[in-house]
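Please look over the sequence and the 3D structure before reading on. The points below are meant for a reader who is new to this structure.

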Amino acid sequence: GVDRGEEEETGASVQYKDGDIAAIMGFSGFGKKARTFDLDAIFEQTRRTAIERSQKALAGLTGVFSLRQQGISSDSDSDSDSDLVGPPVPPQLPAEGDEDDDDLVGPPLPPGYSGRMAEEEEEDDEEEDGMQDEDDDNPVRKIPDTHEITLQHGTKTVSALGLDPSGARLVTGGYDYDVKFWDFAGMDASLQAFRSLQPCECHQIKSLQYSITGDVILVVAGNAQAKVLDRDGFQVLECVKGDQYIVDMANTKGHTAMLNCGYWHPKIKEEFLTCSNDGTVRTWDLNSEKKHKAVFKPRSQQGKRVTPTCCTYSRDGKLIAAGCQDGTIQIWDRNLSVHTKFHCRQAHVPGTDTSCITFSYDGTTLASRGGDDTLKTWDIRNFKKPLNVASGLTNFFPMTDCSFSPDDQLLVTGTSVKKDEGNGKLVFFNRTSFQKVYEIEVANASAVRCLWHPKLNQIMVGTSNGLAKVYYDPVKSQRGAKLCVVKSKRKEKQAETLTQDYIITPHALPMFREARQRSTRKQLEKDRLDPVKSHKPEPPVSGPGRGGRVAAHGGTLSSFIVKNIALDKTDDSNPREAILRHAKEASEDPYWIAPAYAKYDGMRTHSLRLESQVEPESRANQIPNP
């Protein structure tokens, strides 16, 4: 078992046998050389075996195919079917040679099927493919109008719509001063807003827009101070109001008159734009609320101040555009606020409010919606005359807007109607030819706001009767309204009382055993009899305060003193009872009253006596009047 060379090197003289080592170690096989494997040779052998097997399989298939072809060719010469391999050839199939047989692929043709019919079907398939390609090229087919949902904002005009960039939340504002938040993912089929607030008190909402990140909302109302809210409606920023007595608007820190419009910068998330009746367009920074960032002052041809009614940024954020009451559209470079870069003097009829201007997604075309019932498109590189004009689009509202489709091929706007005199419509125009290609009747009211979201491919419309409608297509649209229509309405929650969990411990000691839980109804009846639990909360105090409670309002010194000493100025007791409450005690024990009156009566008697003695003497000394 032990190698002799190793014994000589180590100097070991003891020789062990295999049996002894096996008995000691528990296993045998010492001295045998381990077998070695050549992995490369094994892999090569496996590869050759696989190649040989695949060649044999291919040779077998080739033989079967050759036999089948021999049987088909010999069928025309002899009537015997013994040589055929596979199913027989159908009689309707003409045998024109091996070349035609080689061209046939697939199962045999059915009886009565001719080559002409096959050609006709191929032509029909080609026509269908062509129509499908035409549908893909036709922008009207992409309008998502097959389904709609209606959100009830209120009863007055929905004058503002805003949708965040992801399309998860919609915010609506109206003439009723309310701003409502709608969450498509959180709504069910009842379509209820999850929050409603009045951020600008009693001012109509003019414009609402989410920033490019979707974390804040710009609120423009009828006052002079724009506000920025977060996603939950809490105020983040309120712009400062300027000094109304300064003539030069560049020297005021903010707007001094009613706002008309607002817009977020498309690239810088902290910057936004507002325009006002004070004749200025101002940019603001979200991080500095004490002063505007820059001032742009539109001017007429005579150099007089004009009022901007709408404003916007270009798609790249380098240009600022404003539509004015004198019918002009003025465009500035964002970094140069003195002179306009592009100026169109007669864009719309003077004296009408241009309600909206917007840039196309490619940034080369500007669309303007005028108060003169027109919709125009402009090439800002050639700003003297419009590219296209559409007239007869009634507009009664100063915020009727227009919007480009996500593929930039269509332009949509809303029309206004008088009350009970027809339906407001969404009108779609082809951007190139400017032909009216489609229209949607919205409601028995004017269509004021319209918003075509590019990510959702859904159209939001605000109407003059307090509705916000969402048009969508289950196939072409994404998320948005599709999320809430599939959810069933939640059941109304009944009045629930919070009861403490009852732990059953039957073998616990009496001191640790909980009282047995009673029914909720009995507990409510018991609580009703408890004067502490059933005590009605005190209503808020109005006026100066009463009963030791002081009203919350009032900042004068007297109100501060009253608040600290809790003075009660009112006395609800009966005055007669207050006077007579000590009458019985005084009659029984006249200690406090009788001595005082006795002393008083004595003094009065003495004084009367003195007067009676002095009176005759005074009469005798009197001198008669001559």
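1. Residues are numbered from 1 along each chain as its sequence is written, and side-chain values use heavy atoms, with hydrogens and water left out.

2. The mean pLDDT (the predictor's confidence in each residue, from 0 to 100) of the protein chain is 79, and 69% of its residues reach 70 or more. Over residues 74–82 the pLDDT is below 50, and beyond near neighbours in sequence this stretch has 2 contacts (heavy atoms within 4.5 Å) in the model. Where pLDDT is low, the predicted coordinates should not be read in detail.

3. The structure holds 18 salt bridges, each being a side-chain nitrogen of Lys or Arg within 4 Å of a carboxyl oxygen of Asp or Glu. Glu-44, Arg-47 and Arg-48 are linked by such bridges in a network.

4. Asp-408 forms a salt bridge with Arg-431, with the closest N and O atoms 3.4 Å apart. Both Asp-408 and Arg-431 are buried (buried means under 20% relative accessible area, exposed over 50%, and partly exposed in between, with a 1.4 Å probe and protein chains only).

5. Asp-527 forms a salt bridge with Lys-533, where the closest N and O atoms are 3.4 Å apart; Asp-527 counts as partly exposed at 21% relative accessibility, whereas Lys-533 counts as exposed at 56%.

Technical notes
This is a predicted model: local features need pLDDT of at least 70, side-chain atom pairs count only at pLDDT 80 or more; totals for chains, interfaces and linings use all residues.
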